[in-house]
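Open the model in your viewer and keep the selection tool at hand.

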Amino acid sequence: MYDKIEYRNAVMTATENENDDDKDACEVHGRAIVFDTPQVIYKDRFGNEYREIIDSHALDNAIMKDVPLRLDHDKSGVAILARTRNKSLILTKKDDGLYIDAELRSNLGKDVHAAVKAGDIKDMSFGFICNKDKFDSKTNTRTVLEIAKLTDVSIVQDGAYDAAY
């Protein structure tokens, strides 16, 4: 098993909370992980592209017990916007990826919501520890077959994955 945390990116949206009972919460939604879709994650100085695919079964045995939604993967604890433990972050695995629905309640969360809604911040990322992968040297493609742990999902300024909405 690997023990290095890796980060990948996708795209998100923001909406107003439709629940009249809680006017202080703002919502963001997105697809944090895109399954079975090659993404260019690196291009070297010679123009060679390196791709990555997250297998649709990579999360089947992953630890996702207490996943935080962070701002830019900030591990200081200040920028935790939501989390699965208190159900302010809901993770839903579908055929094409892992989706997030989050309620942002803090002042920072409201500022982030406004930036996402305005389009100033539009990307998501996820941190993970890989348990099993394979590399195809002919196509320079790494396929992540098994994720040991989903360490976080994050709202970020610059994403690497284009195949999300």
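**First stop: a tyrosine**

Select Y50. Its relative accessible area is 27%, so Y50 is partly exposed. The cut-offs matter here: buried means under 20%, and exposed means over 50%. Keep in mind that this is a predicted model.

How many aromatic pairs does a search of the whole structure find? The search finds 2. In the pair of Y42 and Y50, the ring centres lie 5.7 Å apart and the planes meet at 45°. Why is this pair called tilted? Planes under 30 degrees apart count as stacked and those over 60 as edge-to-face, so the rest are tilted. At 45°, the pair of Y42 and Y50 is therefore tilted.

**Zoom out to the chain**

Switch to a cartoon view. The chain holds 1 helix and 10 strands. Follow the chain along its sequence: the pattern reads β-β-β-β-β-β-β-β-α-β-β.

Next, show the contacts. Take those between residues at least 6 apart in sequence: 66% of them join residues at least 24 apart.

The chain exposes about 9,000 Å². Carbon and sulfur atoms supply 47% of that area. What share of the 165 residues is buried? Buried residues make up 47% of them.

**Last stop: a lysine over a ring**

Select K94 and Y99. K94 lies over the face of Y99, at 4.7 Å from the ring centre.

Technical notes. Residues are numbered from 1 along each chain as its sequence is written. This is a predicted model: local features need pLDDT of at least 70, side-chain atom pairs count only at pLDDT 80 or more; totals for chains, interfaces and linings use all residues. Side-chain values use heavy atoms; hydrogens and water are left out. Helices (H or I, at least four residues) and strands (E, at least two) are DSSP runs, numbered from the N terminus. Buried means under 20% relative accessible area, exposed over 50%, partly exposed in between (1.4 Å probe, protein chains only). Contact means heavy atoms within 4.5 Å. Accessible areas come from the Shrake-Rupley method with a 1.4 Å probe; for residues, only the protein chains shown count as cover. Rings of Phe, Tyr and Trp (its six-membered ring) pair if their centres lie within 6.5 Å; planes under 30 degrees apart count as stacked, over 60 as edge-to-face and the rest as tilted. A charge sits over a ring if NZ of Lys or CZ of Arg is within 6 Å of the ring centre and within 35 degrees of the ring normal.
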